[in-house]
Amino acid sequence: MTMKAVLWRPMYDPGGHDLLRAAGIEPVVVDSPDAEQVKAALGNANALWVRTPERVTADIMDAAPGLTVISTSGFGTDNIDIPAATERGILVVNHLGFGRTPVAEHTVMLLLACLKQLTWGDRAARDGSAWSQRQGLQVYELEGRTVGIVGLGYIGSELAKKLRLAFNCRVLAFDPYVNARLALVTGAEMCPDLHAMLGQCDALAMAAELTDETRNMISTAELAALPEGAVVVNAARGQLIDLNALDAALTSGHIRAAGLDVVFPEPLPADHALLKNPKVIFTPHTAGVTQEASKALAISAAEQITTALKGDLPPFPLNPEVWDSPQSRRPR
Ligand SMILES: NC(=O)c1ccc[n+]([C@@H]2O[C@H](COP(=O)([O-])OP(=O)(O)OC[C@H]3O[C@@H](n4cnc5c(N)ncnc54)[C@H](O)[C@@H]3O)[C@@H](O)[C@H]2O)c1
């Protein structure tokens, strides 16, 4: 019998839909924010894949008595009520490590763009003003600079490697939870004290996960601890940096420039001061959505759903305890 996977929004790459079909699982796309439409589709579904920011609540799960597995679209899990899924015996999976290459590359791009005033150059070359303003322009090299990385996971460690090997940077890292062996192979110098690290950085790059501990971890005091003229980039999560403090530090001139792929909220309100600050280079949370990563994420989701519907435990379960629990919906 054909099984059914509801896809709340299409997957990032149609290859995921094809893989599901090849495994005998019919993908049914609900391309609407309307939870009622999703509930109607879920009646006889075996799996649900959900794209951020759509939210899977207990109420939605209750419309799906045959649901075995819910898959996120990426790493983030805050749009799924995991305790509610666990209570109902539904397995939840996410996808780890797919940001490593694209987000590390993007972070290097933001660093270079800040040091070389990329967006100013683009605008000024187009309107012709560049030619009278070029004299006295301050652009810098990344080569040999000291870069501090906050968070040395998949992305932070790849970034450390790229900065050391391609740009001969001195790389410092703050991550109280990192595996010591991983830190050693990246060649980053681990710093147990964030403020002591900041004092040595020409550039600060954020690569930590968002937790209660990391929310707003870079605020007025941390920005002040950076040397004058430092640049700050963030392609991790917007809430890691206090954006009002960043705007003030840029306006005072203490921070030279900032490169932000992520902000909070997304999008920023149209009248937010940072949007008017010419020292900020923005990208719209696109660091992780390369064609390559999109395809890999869709394949990972299709494979994990297929594995779960065969009754096997997929590689990245968030609540593995449900699999052998009395309420488990595991196919046997
Ligand atoms: N912009 C994008 O498109 C995009 C795409 C993928 C991932 N991300 C974000 O990038 C970040 C890193 O992702 P990852 O795949 O490397 O995740 P990861 O889990 O491999 O790494 C996160 C690291 O943060 C560290 N950390 C936790 N608490 C910390 C603290 N208090 N101080 C310093 N470090 C701390 C962890 O120990 C871990 O090493 C995450 O915030 C993720 O959401 C962004």
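Let me begin with overall size: for 332 residues, a compact globule would have a radius of gyration near 20 Å, and the protein chain has 22 Å, which agrees; the radius is taken over C-alpha atoms, and the globule rule is 2.2 Å times the number of residues to the power 0.38. Please keep in mind that this is a predicted model, in which local features need pLDDT of at least 70 and side-chain atom pairs count only at pLDDT 80 or more, while totals for chains, interfaces and linings use all residues. Residues are numbered from 1 along each chain as its sequence is written.

Along its principal axes, the C-alpha trace of the protein chain spans about 70 × 45 × 30 Å. The chain is divided into domain 1 (3–98 + 291–322) and domain 2 (100–282), with bounds that come from an automatic or database domain assignment, and the C-alpha centres of the two domains lie 34 Å apart. The protein chain holds 14 helices and 12 strands, where helices (H or I, at least four residues) and strands (E, at least two) are DSSP runs numbered from the N terminus. Of the contacts between residues at least 6 apart in sequence, 66% join residues at least 24 apart, a contact being two residues whose C-beta atoms, placed from the backbone, lie within 7 Å.

Let us now turn to a sheet. In what order do the strands of the open sheet of 7 strands lie? The order is 8-7-6-9-10-11-12, with parallel pairing, and two strands count as paired if DSSP finds at least two bridges between them. At the edges are strand 8 (189–190) and strand 12 (280–282), each of which pairs on one side only.

I would like to stay with strand 10, residues 230–234, for a while. Is strand 10 mostly covered or mostly open? It is mostly covered, since 5 of its 5 residues are buried, and buried means that 20 or more other C-beta atoms lie within 10 Å of a residue's own, against 12 or fewer for exposed and partly exposed in between, with the C-beta atoms placed from the backbone. In a regular strand, side chains alternate between the two faces of the sheet. Accordingly, Ala230, Val232 and Asn234 point one way from strand 10, and Val231 and Val233 the other way.

On one side, strand 9 (residues 203–206) pairs with strand 10 in the parallel sense over 4 bridges; here leucine 204 stands opposite valine 232, and methionine 206 has asparagine 234 as its bridge partner. Strand 10 also pairs in the parallel sense with strand 11 (residues 255–260), over 5 bridges, and valine 233 stands opposite glycine 259. From strand 10 the chain crosses through helix 12 (residues 243–252) to strand 11, and this β-α-β crossover is right-handed, meaning that, with the strands pointing away from the viewer, the path from the first strand over the helix to the second runs clockwise. Strand 9, helix 11 (residues 220–225) and strand 10 likewise make a right-handed β-α-β unit.

Finally, we come to strand 3, residues 47–50, from which Ala47 and Trp49 point one way and Leu48 and Val50 the other, all of them buried. Strand 3 pairs in the parallel sense with strand 1 (residues 3–8) over 4 bridges, with valine 6 opposite leucine 48. Another 3 bridges join strand 3 to strand 4 (residues 69–71), which runs parallel to it, and there alanine 47 stands opposite valine 69.
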